[in-house]
Amino acid sequence: MSSLRILLSLVVVSLPVSAQRSDTIFAAPLSNVTSAPAYSAPIRNIGQSGHLIWVQLFNNPVCNAPATVDIGLEASFNGTAWSPVGTTITTVPLDINNNLIASATAQGSFPYVRAAVRSLASGCRADIRYSGTVGGQGTVSIEGGAGGGVIFPKYIQPPPSVMQVDYLGSPVGCYNLLNVSNERGRLSKVDMIIDWVDVGMSWGQSLFLDYNVDGAGYVPLLTLINGSGTGPQWSMPIYISTGDSNVTIGDRFSYNTLVDYSQSLIVRICPNPNPTPNVFNVLATFAVYRNVRVD
C-alpha cells in the first residue's frame, strides 16, 4: 500500500511539470484593465529571450474599432527604471473573426520584463497574455481552434518590403508597397517615415492604403493623410491635415493590423483624387511587415 501511495504521489507531482516545457513560460500579466496607465508585476524570469504579448479588447461599455492604444513590453535592469522594448501596439483592429486583437514582440534577455498599458481607448477593457521562450519568439496565431483549444501555426517574418513613395506635385496613381503570391500568411504592420512634406494640400485630397487578398478585390485599410482634416486612424498625430505643424521630417507612424491571406497579398497606397502639381506634396518611406506561414 505504501509503495502504491508513493507511485500515485509521483504521478500527481509530475503532471504540472509535463504541461509546460522548461524553456517556455506562459502568463496572464494583466486582466480587466479599464484605465491607463497600468503596469503588470515583473513576469517570471526563466532566462527567456523571446517575448510575445497578445492583447484582446472588450466592450466597456462600447469599444469602437479600430481602437487607439499604446501597449507593449517594458524591460528593466534594476526593477525600478523601465524602458519600452520591441514593437508597440498603437491600433487594435477587428480581425477576421470580429475580435479586437493585436500582438507585439520583443527580443533580448533582461532581468525584469513587464506588460504596459500606457494608454487605452475610452470604452474598452483589455486583457493581456504573455508567451516567452528561451530560444527566441516568433509571431503566432491567437485564434481558438475546434473544441475551444488554441492553435499556434508556425510563422516566419521576412524582412519588410520597403519603398519610398513620391507624391511631389506629380499626378501619379497607386504604388504597390507589397505584392506577393504563392504563399499564405498575415499582414501585420505598416510603418511610414516622413521624408518631406508640404502640408498645403487641397481640401478633400487624401492618401489612403488598401489591400487585396487572394485576388478578391481591394479593401480600404486606412487613410494616411487627409487634406480635409477629418479622421481617421493613423497614430500620433491621428491625421496629417492642412496646416498641421506637428508633422516634421523624420516623423514615424506605425499601424498594426491582422489581415490573413492564403495565396496572395497586395498592399498599395493611392491618392484620392489624383494630386495636381504644387498642391499635394509628400515624400515618405513605407515598410510593410508580414508573417509567412510555414506549417
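To start me off, does Cys270 count as buried or exposed?

Author: Cys270 counts as buried, because its relative accessibility is 1%. By that word I mean under 20% relative accessible area, with exposed being over 50% and partly exposed in between, using a 1.4 Å probe and protein chains only. Before we go on, a bit of background: this is a predicted model, where local features need pLDDT of at least 70, side-chain atom pairs count only at pLDDT 80 or more, and totals for chains, interfaces and linings use all residues. Residues are numbered from 1 along each chain as its sequence is written, and side-chain values use heavy atoms, with hydrogens and water left out.

Now, who is Cys270 bonded to? Its partner is Cys174, with the two sulfur atoms 1.9 Å apart. Strands here are DSSP runs of E, at least two residues long, and helices are runs of H or I, at least four, all numbered from the N terminus.

Cys63 lies in the loop between β3 and β4 (67–76) and Cys124 in strand β8, so the bond ties together parts 61 residues apart in sequence. Here the S-S torsion is about 90°, which makes the disulfide right-handed. Cys63 is buried at 7% relative accessibility, and Cys124 is buried at 1%. Count the bonded cysteines in sequence order and the pairing reads 1-2, 3-4.

Cys124 brings us to β8 itself (residues 124–133): eight of its ten residues are buried, so the rest of the structure largely encloses this strand. Who are its neighbours? Strand β3 (residues 50–59) runs antiparallel to β8, joined by ten bridges; Gly50, for instance, has Thr133 as its bridge partner. Strand β1 (residues 24–33) also pairs with β8 in the antiparallel sense, over six bridges, and there Phe26 stands opposite Ser131. Two strands pair, by the way, if DSSP finds at least two bridges between them.

Notes. A disulfide is a pair of cysteine sulfur atoms within 2.5 Å.
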